[in-house]
Amino acid sequence: MYFSIYKKLKIKGRIITSEELRGHQFTKLSNFDIKYIEEITPSSTMIFGDKVSINIFDEKPFVILIENASVEKSYKKYFEYLWKSAKS
């Protein structure tokens with residue numbers, strides 16, 4: 001899966017995901033800080049560089065990757081709000 005690319009390229013970032021997904025392969029990425037929220041959702045959000053990745057872990061995993069500095073800056077404000085309230 002594409003998670004190995006993050007490790008190989010030593011991409012660092014942060015992830016917010018559902019407590020329900022604790023232990024999933026992507027939560028074991030050593031180069032990412034991870035926090036959990038109580039909401040029941042099969043998705044996670046990753047921010048790294050000027051990229052925002054929205055990952056849907058449904059029957060068919062789906063990833064939306066946005067590579068745009070303006071979008072990243074805007075989305076990061078929302079991400080920071082969630083980060084403060086999420087659990088480690």
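**Sheet, salt bridges and ring contacts**

R22 is partly exposed, at a relative accessible area of 42%. Here buried means under 20% relative accessible area, exposed over 50% and partly exposed in between, using a 1.4 Å probe and protein chains only. The model is predicted, with local features requiring pLDDT of at least 70 and side-chain atom pairs pLDDT 80 or more, while totals for chains, interfaces and linings use all residues. Numbering starts from 1 along each chain as its sequence is written, and side-chain values use heavy atoms, leaving out hydrogens and water.

**Sheet and helix**

- Five strands make up an open sheet in the order β2-β1-β3-β4-β5, with mixed pairing.
- Its edge strands, each pairing on one side only, are β2 (32–37) and β5 (62–67).
- On average, neighbouring strands of the sheet are turned by 15° against each other, direction ignored.
- Helix α2 (residues 69–85) packs on this sheet and touches β1, β2, β3, β4 (51–56) and β5; the direction of α2 makes about 55° with that of β1.
- Strands β1 (residues 13–18) and β3 (residues 43–48) run antiparallel and are joined by four bridges; I15 has M46 in β3 as its bridge partner.
- Strands and helices are DSSP runs numbered from the N terminus (helices H or I, at least four residues; strands E, at least two), and two strands pair if DSSP finds at least two bridges between them.
- Axes are lines fitted to C-alpha atoms, for helices over the stretch in contact, and angles run from 0 to 180 degrees between N-to-C directions; contact means heavy atoms within 4.5 Å.

**Salt bridges**

- The count of salt bridges is six, each being a side-chain nitrogen of Lys or Arg within 4 Å of a carboxyl oxygen of Asp or Glu.
- One of them joins R22 to E19, with the closest N and O atoms 2.5 Å apart; E19 is partly exposed at 27% relative accessibility.
- Another joins K51 to E67, at 3.6 Å between the closest N and O atoms.
- This pair links distant parts of the chain, with K51 in strand β4 and E67 in strand β5, 16 residues apart.
- K51 is partly exposed at 22%, whereas E67 is exposed at 55% relative accessibility.
- E72 and K76 meet in a salt bridge of 3.9 Å, N to O; the two are four residues apart in helix α2, about one helical turn.
- E72 is buried at 12% relative accessibility, while K76 is partly exposed at 33%.
- Salt bridges with shared partners join D50, K51 and E67 into one network.

**Aromatic rings and charges**

- Three aromatic pairs are counted; rings of Phe, Tyr and Trp (its six-membered ring) pair if their centres lie within 6.5 Å, with planes under 30 degrees apart called stacked, over 60 edge-to-face and the rest tilted.
- The F32 and F48 rings form an edge-to-face pair because their planes stand at 85°, with centres 6.2 Å apart.
- F32 belongs to strand β2 and F48 to strand β3, 16 residues apart; both residues are buried.
- F79 and W83 are stacked, at 5.8 Å centre to centre and 20° between the planes; they lie four residues apart in helix α2.
- F79 is buried at 1% relative accessibility, and W83 is buried at 13%.
- The charged end of R14 sits over the ring of W83, 4.7 Å from its centre, and that of R22 sits over the ring of Y36, 3.8 Å from its centre.
- A charge sits over a ring if NZ of Lys or CZ of Arg is within 6 Å of the ring centre and within 35 degrees of the ring normal.
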